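Please examine the sequence and the structure shown below. The briefing that follows covers a sheet and a set of aromatic contacts.

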Amino acid sequence: MSLESHDVVVIGGGPAGSVCATRLASKGRRVLVLEREKHPRFHLGESLLPNSMGVLSEVGVLDEVRARFLVKRGARFVDGLDPACATRYDFAEAFHATWDHAFQVPRDEFDALLFRRAGESGAELREQWEVTRILREGERAAGVEVRGPDGALHEIGARFVVDASGRNAVMARASAGVERIAHLDRTALFTQVRGAWRDVGAREGDIQIVVFGKDSDDRGWFWFIPFADGRTSVGCVVSGAWMRARRGLGPEALFEDAVRGSPAATFLLAGAPPMFAARATADFSFRVETLRGHGWVAVGDASGFIDPLFSTGAHLAMNGGLQAADAIDAALEAGDVSRDRFEAWERSQRLGAELFVGVVQAFYAGDLTSYLFAKEQHPFLRRAITSLLAGDVFDPAARWVRELRDRFPVQASRVGATGGSR
């Protein structure tokens, strides 16, 4: 084994890790990013939120994102039984709408862009390097053991470790600190197509969310995310009960069955054959016991995964990564990387994520649907939902945040945790 040392080792080169590394490197920190795969690599979660635009500006990629990807100005919810029954939420109508748009981004291209930016900012990038173990000095994370592309093991020391390993959640799973979120045991079925229906003009880039199902046992939804090159990412999220009722069917047959059950999805996909056979991924939302420890923090999906109904993944990852970088830099400057240094940062991340959790649970329970499709919406509540869709969730004192938190509280988790490595 060889031993080297850095200020910060970042596990994972997705949006959370790349943004965190870019920020830290720009502050003069010696940063190493270890990515298990090789960019570009396929990933779901292609729809960004307006309140991530400030992060893209901060790390210096907003102009390139604007030049390459399709502008997204709103979200349109469609009744699965009737394509004509729909409600559109325009981001410009959100409270404090600093940004009135986002972008639809094929994640292979977008993630590679952010990863490359981290390197341009001074971070060292290594692909196909897999972390196998966290090194510790007492209770403090002091680096990682990692397997290189040639299979050899290396020990890499660090003053601080950032877990941005995605749903692998290296830190949390090593301590069995992962808990499923109640009522969010879902499966995603997905593909890409050409020729799907999309709106025109300024609304061409809208995400279309098609809602189907009568109760919590079969309630689900489709996403239709248009890309600038004419492709559309299409997928549906279905319940465990829906899957069990179709036991024995493969992903392709399951996806086709979901489309057949939704006249709206059938309409949007008319004349748009899939570019590849539908795939499936278990979409078990989870939270982790803690996001911080002595000498480490967890960001992005490594800090918990939420059902993608509101396109939260990349948004929470990039915001959390940027804010973590500033907290890490201050801790290194002070010579104090104890877990207490990151209490305020974790509280902020939890508040934003848990607001989304409560509203997603309310969607599947049916409590939210009547608000989404109400013919005469209360102006304040409509703007509150729009602000949520825009990702403005980090101000707990905002009146609309308090309103949604009170109206749609988080439902208790199931008893039991899922631990181990994956």
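A residue counts as buried under 20% relative accessible area, as exposed over 50%, and as partly exposed in between, with a 1.4 Å probe and protein chains only. This is a predicted model, in which local features need pLDDT of at least 70, side-chain atom pairs count only at pLDDT 80 or more, and totals for chains, interfaces and linings use all residues. Residues are numbered from 1 along each chain as its sequence is written, and side-chain values use heavy atoms, with hydrogens and water left out.

**The sheet**

- Helices (H or I, at least four residues) and strands (E, at least two) are DSSP runs, numbered from the N terminus; two strands pair if DSSP finds at least two bridges between them.
- An open sheet of mixed pairing is formed by eight strands, in the order β5-β4-β12-β13-β14-β11-β15-β18.
- Its edge strands, β5 (82-90) and β18 (304-305), each pair on one side only.
- Six bridges join β4 (residues 74-79) to β5 in the antiparallel sense, and F77 stands opposite T87 in β5.
- Helix α12 (residues 379-389) lies across β4 and β5 and runs at about 80 degrees to β5. Such angles, from 0 to 180 degrees, are taken between the N-to-C directions of axes, which are lines fitted to C-alpha atoms, for helices over the stretch in contact (heavy atoms within 4.5 Å).

**Aromatic pairs**

- Rings of Phe, Tyr and Trp (its six-membered ring) pair if their centres lie within 6.5 Å; planes under 30 degrees apart count as stacked, over 60 as edge-to-face and the rest as tilted.
- The whole structure contains 13 aromatic pairs.
- One of them is the stacked pair of F42 and F190, at 5.8 Å centre to centre with 15 degrees between the planes. It links distant parts of the chain, 148 residues apart: F42 is in the loop between β2 (31-35) and α2 (53-58), and F190 is in strand β11 (residues 178-194).
- F42 counts as partly exposed because its relative accessibility is 38%, whereas F190, at 6%, counts as buried.
- The pair of F222 and F255 is edge-to-face because the ring centres are 6.4 Å apart and the planes lie at 75 degrees. F222 belongs to strand β13 (residues 220-226) and F255 to helix α7 (residues 251-260), 33 residues apart.
- Both F222 and F255 are buried, and together with F212 and F224 they form one aromatic cluster.

**Charges over rings**

- A charge sits over a ring if NZ of Lys or CZ of Arg is within 6 Å of the ring centre and within 35 degrees of the ring normal.
- R186 lies over the face of Y364, 3.7 Å from the ring centre.
- The charged end of R279 is placed over the ring of F276, at 4.1 Å from its centre.
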